[in-house]
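Student: I would like a close look at one part of this protein. Please walk me through it slowly.

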Amino acid sequence: MRIISGKHKGRRLMAPGKLPVRPTTDFAKEALFNILNNYYHFEEISVLDLFSGTGNISFEFASRGCLEVVSVDSHHGCIKYIEKIAIELSLEIKTIKSDVFKFLENTNVSRDVIFADPPYDLSIEQFEKIVYHVFNNSLLKEQGTLIIEHSKHTKLDHLPNFHMEKRYGGNVFSFFEIP
């Protein structure tokens, strides 16, 4: 994986092979950030990265100078890897080792962008819980966006606050916004 833009543009990162992750492809990540670049000034936003895995998305946001980046993952090895790379690259990323659903139930801090990249085999009810918690707990700031990455076999367009989806190969990004 590599950082596409910002102060660490072009930097390649090699996550340990033993982590239970499926990083967003560089192709899909570049497309996603091209979309976000039209909506946000990265230096002015706060980001929550759920199911952060290798930190691929967190590193990209932090490299682009976001005000705050918080990474949440339940796997100890993932959190340690994100912390290690954040220190090496002098990136301001706060890590939280927690079950994402418990975190969403208990947090009350709103963000401009919430990105969730759960395992693709998550049940539709669990995808619904992500959307439910984000909107019922007011975790998005006004004009904020929830983005959920999922497989092309999962359909989320029936969920409340669905705005659009973008497909890149087998990856799909579903966007949700406050109406």
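Student: Take Thr 95: does it count as buried or exposed, and what is its relative accessibility?

Tutor: Keep in mind that this is a predicted model. Thr 95 has 18% relative accessibility. The cut-off for buried is under 20%, so Thr 95 counts as buried. Its place is in strand β3, which covers residues 94-97.

Now look at the neighbours. Leaving out residues up to four places away in sequence, Thr 95 touches Ser 71, Ile 79, Ile 82 and Glu 83. With Glu 83 there is also a polar contact. The side chains of Thr 95 and Glu 83 make it, at 2.6 Å.

Next, step out to the nonpolar residues. In soluble globular proteins, nonpolar side chains tend to be buried together. Here the largest nonpolar core has 35 residues. Leu 32, Phe 59 and Phe 61 have the most contacts inside this core. Several elements each supply at least two of its residues, among them α2 (56-63), α3 (76-88) and β4 (111-116). Helix α1 gives the most, with six residues.

Follow Phe 61 for a moment. Beyond four places in sequence, Phe 61 touches residues including Phe 33, Leu 36, Cys 66 and Val 113. A second, separate core has 24 residues. Phe 101, Phe 103, Ile 114 and Leu 139 are included in that second core.

What about the cysteines? Cys 66 is buried, at a relative accessible area of 10%. Cys 78 is buried too, at 1%. A search of the whole structure finds zero disulfides.

Finally, turn to charge. Side chains of opposite charge can pair when their charged atoms come close. A search of the whole structure finds nine salt bridges. One of them joins Asp 26 and Arg 2, with the closest N and O atoms 3.5 Å apart. Asp 26 is in helix α1, and Arg 2 lies in the segment before α1, so this pair links distant parts of the chain, 24 residues apart. Arg 2 is partly exposed, at 21% relative accessibility. Arg 2, Asp 26 and Glu 30 are linked in a network of salt bridges.

Another pair is Lys 141 with Asp 112, where the closest N and O atoms are 3.8 Å apart. Lys 141 is in strand β5 and Asp 112 is in strand β4, 29 residues apart. Lys 141 is partly exposed, at 32%, whereas Asp 112 counts as buried, at 12%.

Key: Residues are numbered from 1 along each chain as its sequence is written. This is a predicted model: local features need pLDDT of at least 70, side-chain atom pairs count only at pLDDT 80 or more; totals for chains, interfaces and linings use all residues. Side-chain values use heavy atoms; hydrogens and water are left out. A disulfide is a pair of cysteine sulfur atoms within 2.5 Å. Buried means under 20% relative accessible area, exposed over 50%, partly exposed in between (1.4 Å probe, protein chains only). Helices (H or I, at least four residues) and strands (E, at least two) are DSSP runs, numbered from the N terminus. A polar contact is a pair of N or O atoms within 3.5 Å; within protein, one must be able to donate a hydrogen and the other to accept it, and residues adjacent in sequence count only if both atoms are side-chain atoms. Contact means heavy atoms within 4.5 Å. A nonpolar core is a set of buried Ala, Val, Leu, Ile, Met, Phe, Trp, Tyr and Cys residues joined through side-chain atoms within 4.5 Å. A salt bridge is a side-chain nitrogen of Lys or Arg within 4 Å of a carboxyl oxygen of Asp or Glu.
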